[in-house]
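User: Could you take a close look at the pockets in this structure for me? I would like to know what lines them and what sits where.

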Amino acid sequence: MIKLPDFPWDRLTPYKEVAQAHPDGIADLSIGTPVDSVPEVVRQALAAASDSPGYPQTHGTPGLRAAAAGWLARHHGVTVDPDNVLPVIGTKELVAWLPTLLDVRAGDRVIFPELAYPTYDVGARLAGAEPFASDGLVALGPERVPLVWVNSPSNPTGRVLPAGHLAKVVAWARERGAIVASDECYIGLGWEEQPVSILHPDVCGGSHEGLLAVHSLSKRSNLAGYRAGFVTGDPDLVAHLLEVRKHAGMIMPGPVQAAMTVALDDDAHAEEQRARYAARRSALRTALVSAGWRIEHSTAGLYLWASDGSGCWEQVRRLSESGILVAPGDFYGVAGKQHIRIAITATDERINAVVRRLQ
Ligand SMILES: Cc1ncc(COP(=O)(O)O)c(C=O)c1O
C-alpha cells in the first residue's frame, strides 16, 4: 500500500472547537475556500447546458479551449494554440495525478518548494516516487529528475517568483530534460507584485518545450464547487496527458465545460471578486500588524503568511481563543513552524469580526 501523509487538518479539530465556542461564533480563516456566490452569468451557462445526455469530450469543447487561450493572451501575455489546452476536474486532481500520468517512476524524485501545497508530495507518492521539498535546485546532484513543481504566487506564503528566477528554473530543467509544472492557481491575484506565467516569453524564451502551466477557476470565479481548471503548455506533453486521460475517463462534465467557457470569457465578475479580496486583505493585514504579527511575502494570492515569533501551534491556540481559526505553517513544511497562514476568503461580516477581535 502507498504510504500517504496523515491528513493534517484533523490536528486542527481541538482548536476549531475552542473557536466555535466563541459567543460571536467562529471566524474560520484556515482554508482558502470561496464564500461569495458563483457569478450569475456562469450559473446561467451551467443551467442552459444541463440537458447533457451524451459523453463530453475529454479534450473539452473547441469553445472552452478557445476561451482558455483567449484568457491567457488577454491577461498574461501568453500565446497557446487552443488545441494545447486540456480541461481538468479541478486542478487538485491534476496535481495529485500528474507524476503518474507522466510516467514518473519509483526511485525518481519529484521536486517542489520547501513550503508548499501538500498535494505535490501526495502526487509523488501516488506515482511511487520520492517527494523532495527543495528551493535550491543547484544543490541537487546529477541524478535524473523527471518533474519539478513551481508555484507562484505561492500557497502558503503569497510569494511571487520574478521572471528571472523562473527563467533560471526553466534553463536548469531543460539542461537535464526535466519537466517544469507551474501551478498558477493564484496568478490573477497579484497585489504589490504581478505574477508571471512560466509560459510567458520572458520566462521560457518563446518555447513551451518541457513546460506545463496549471490554471484553476476555483478562486478567480468562485468555481471550487464546479471543479474547473485546465493545463496547457508543451504540445507533446498535453497530447500525452489527453491520451491517458481519455483512456482513464478523466473527463470534465459537459455542463461544467459550458460554465467554464463563459467564466473565462467574462472579466467583469473576476474584477469584482478581486476587489472584494483586496478590501478583506487590507483590513486583515492592518489588524494583524497592529496586534503584533509580522507579515512576510504575501504580495499576491489569497493568504497572509504571518508570525509573532512564537511557534505556529501557539499562534493557532492564541487566535482560537478569540474565535479565529488559522492554519499552522508546519502543515506546509518544517520551514513554516513559526508561521501561520491566514486565508482572506471569509465573508465581509466575518472579516470585520476578526478585525474587532484583534483590537
Ligand atoms: C497551490 C494550489 N494548487 C492547486 C489547488 C487546487 O485547486 P482546485 O482543485 O480547486 O482547482 C489549490 C487549492 O487551494 C492550491 O492552493
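**Pockets and ligand**

Helix H6 provides the largest share of the lining of the second largest pocket, at four residues. Keep in mind that this is a predicted model. H6 spans 163-176, and it is joined by strand E3 (109-112) and strand E5 (147-150), each of the three giving at least two residues to that lining. The second largest pocket holds about 510 Å³ of space. Its lining counts 24 residues, with Pro113, Asp135, Arg159, Leu161 and His165 closest to the centre. Sorted by class, that lining has 13 nonpolar, seven polar and four charged residues.

Now to the largest pocket, with about 1,100 Å³ of space, which is the space taken by the ligand. This pocket is lined by 42 residues, and Trp9, Lys92, Tyr117, Pro118 and Thr119 lie nearest its centre. Helix H4 (91-101) and helix H5 (119-126) each supply at least two lining residues, and H5 gives the most, with four. By class, the lining divides into 23 nonpolar, nine polar and 10 charged residues.

Around the ligand itself there are 14 residues, the closest being Asp183, Tyr186, Ser216, Ser218 and Arg227. This shell has four nonpolar, six polar and four charged residues. Ligand oxygen atoms lie 2.6 Å from a side-chain N or O atom of Tyr186, 2.6 Å from one of Arg227, and 2.9 Å from one of Lys219. Taken alone, the ligand exposes 400 Å², and the protein buries 92% of that.

How values were computed. Residues are numbered from 1 along each chain as its sequence is written. This is a predicted model: local features need pLDDT of at least 70, side-chain atom pairs count only at pLDDT 80 or more; totals for chains, interfaces and linings use all residues. Side-chain values use heavy atoms; hydrogens and water are left out. A residue is near a molecule or strand if one of its heavy atoms lies within 4 Å of it. A polar contact is a pair of N or O atoms within 3.5 Å; within protein, one must be able to donate a hydrogen and the other to accept it, and residues adjacent in sequence count only if both atoms are side-chain atoms. Accessible areas come from the Shrake-Rupley method with a 1.4 Å probe; for residues, only the protein chains shown count as cover. On a 1 Å grid over the protein atoms alone, a cavity is a set of points where a 1.4 Å probe fits but cannot get out, and a pocket is an open set with protein on both sides within 12 Å along at least five of seven lines; lining residues have an atom within 4 Å of a point. A molecule sits in a cavity or pocket if more than half of its atoms lie within 2 Å of its grid points. Ala, Val, Leu, Ile, Met, Phe, Trp, Tyr, Cys and Pro count as nonpolar, Asp, Glu, Lys and Arg as charged, and the others, Gly among them, as polar. Grid points are joined across faces, edges and corners, and a volume is the space filled by probe spheres set on the points.
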